[in-house]
Amino acid sequence: MNLLHDPTIPLQIPLLGQDGANYKTYQKRRHKVEQTIARIHQLRDELNAQLYTHPSERPAIHSPQDAFTLLDCFIGRLDHEEMWVINLDTRNRLMSLVSLYKGSVNSSQVRISEVYRQAILDNAPAILISHNHPSGDVIPSSEDINLTRAVLQAGKLLDIELLDHLIISMGRFCSLKEKGLGFS
């Protein structure tokens, strides 16, 4: 017997966007979000172009707060996880921003080789990685700590220093290096 077609059993599963008005509102909101995310990535590309064109004017990252200030506007309030890498020169000046992964609400799969790909191409001696937690909670998960350890170990083999791993959300951040998580 197919329970979905049994008229004696009331269906109480809310179906998103099944009535016309709610569906149109949802579609408009979703379109606006997609446009905003596209603009964020366009701004990142414009910033990278300026960094390559004017290397003497590159901003420096001297603290987790500096990195947070730079990245918060890009990933701090997204509704899905994204992981970004900051490639830095010998003076910890920004060489490039790399949007590495886009995940779901609570996860993102990461290949360690991809973390270092642009850093190798840029001949960057140091990187800083960051991702957001859409939930608003910046407490690192065990997966976050394990990722930090794996990236740190790969960096040692490549002679590229991992300076920090930041978790950003809703105007707040957590530095895994300051907390001593994954950097031992």
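User: In this predicted model, in which loop does Met-170 lie?
Analyst: Met-170 has a positive phi of about 50° although it is not a glycine. Its place in the chain is the loop between β4 and β5.

User: Is Met-170 buried, partly exposed or exposed?
Analyst: The relative accessibility of Met-170 is 43%. Buried requires a value under 20% and exposed a value over 50%, so Met-170 counts as partly exposed.

User: Where does Asp-159 lie, and is this residue buried or exposed?
Analyst: Asp-159 is a residue other than glycine with a positive phi, near 60°. It belongs to the loop between α4 (142–158) and β4 (161–169). Because exposed means over 50% relative accessible area, Asp-159, at 66%, counts as exposed.

User: How many aromatic pairs does a search of the whole structure find?
Analyst: One of the pairs joins Phe-68 and Phe-173. Another is formed by Phe-74 and Trp-84. The number found in the whole structure is 2.

User: Which arrangement do the rings of Phe-68 and Phe-173 adopt, stacked or edge-to-face?
Analyst: The ring centres of Phe-68 and Phe-173 are 4.8 Å apart, and their planes meet at 25°. Planes under 30 degrees apart count as stacked, so the arrangement of Phe-68 and Phe-173 is stacked.

User: How many residues apart in sequence are the parts that the pair of Phe-68 and Phe-173 ties together?
Analyst: Phe-68 lies in helix α2 (residues 64–75), whereas Phe-173 lies in strand β5 (residues 172–175). Phe-68 counts as buried at 9% relative accessibility, and Phe-173 counts as partly exposed at 24%. The parts that this pair ties together are 105 residues apart in sequence.

User: What is the geometry of the pair of Phe-74 and Trp-84?
Analyst: The centres of the rings of Phe-74 and Trp-84 are 4.9 Å apart, with 35° between the planes. An angle under 30 degrees would count as stacked and one over 60 as edge-to-face, so the pair is tilted.

User: Which elements does the pair of Phe-74 and Trp-84 link?
Analyst: Phe-74 is buried, with 8% relative accessibility, and Trp-84 is buried at 0%. The two residues are 10 residues apart, and their pair links distant parts of the chain. These parts are helix α2 and strand β1 (residues 82–88).

User: Which residue lies over the face of Trp-84?
Analyst: A charge sits over a ring only if it is within 6 Å of the ring centre. At 5.7 Å from the centre of the Trp-84 ring, the residue is Arg-44.

User: Why do the buried residues of α3 line one face of the helix, and within what arc do they fall?
Analyst: In helix α3 (residues 112–122), Val-115, Tyr-116, Ala-119 and Asp-122 are buried. An α-helix has 3.6 residues a turn, so residues three or four places apart point the same way. On the other side of α3, Arg-117 and Leu-121 are exposed. Seen down the axis of α3, the buried residues line one face because they fall within an arc of 110°.

User: Which residue just after α3 takes a positive phi?
Analyst: The phi value concerned is about 60°. The residue that takes it is Asn-123.

User: How many nonpolar, polar and charged residues line the second largest pocket?
Analyst: This pocket holds about 170 Å³ of space. Its lining includes Val-33, Ile-37, Phe-74 and Arg-77, and α1 (20–53) and α2 each supply at least two of the lining residues. The lining divides into 7 nonpolar, 2 polar and 3 charged.

Notes:
Residues are numbered from 1 along each chain as its sequence is written. This is a predicted model: local features need pLDDT of at least 70, side-chain atom pairs count only at pLDDT 80 or more; totals for chains, interfaces and linings use all residues. Side-chain values use heavy atoms; hydrogens and water are left out. Rings of Phe, Tyr and Trp (its six-membered ring) pair if their centres lie within 6.5 Å; planes under 30 degrees apart count as stacked, over 60 as edge-to-face and the rest as tilted. Helices (H or I, at least four residues) and strands (E, at least two) are DSSP runs, numbered from the N terminus. Buried means under 20% relative accessible area, exposed over 50%, partly exposed in between (1.4 Å probe, protein chains only). A charge sits over a ring if NZ of Lys or CZ of Arg is within 6 Å of the ring centre and within 35 degrees of the ring normal. The arc is that of the directions from the helix axis to the C-beta atoms. On a 1 Å grid over the protein atoms alone, a cavity is a set of points where a 1.4 Å probe fits but cannot get out, and a pocket is an open set with protein on both sides within 12 Å along at least five of seven lines; lining residues have an atom within 4 Å of a point. Grid points are joined across faces, edges and corners, and a volume is the space filled by probe spheres set on the points. Ala, Val, Leu, Ile, Met, Phe, Trp, Tyr, Cys and Pro count as nonpolar, Asp, Glu, Lys and Arg as charged, and the others, Gly among them, as polar.
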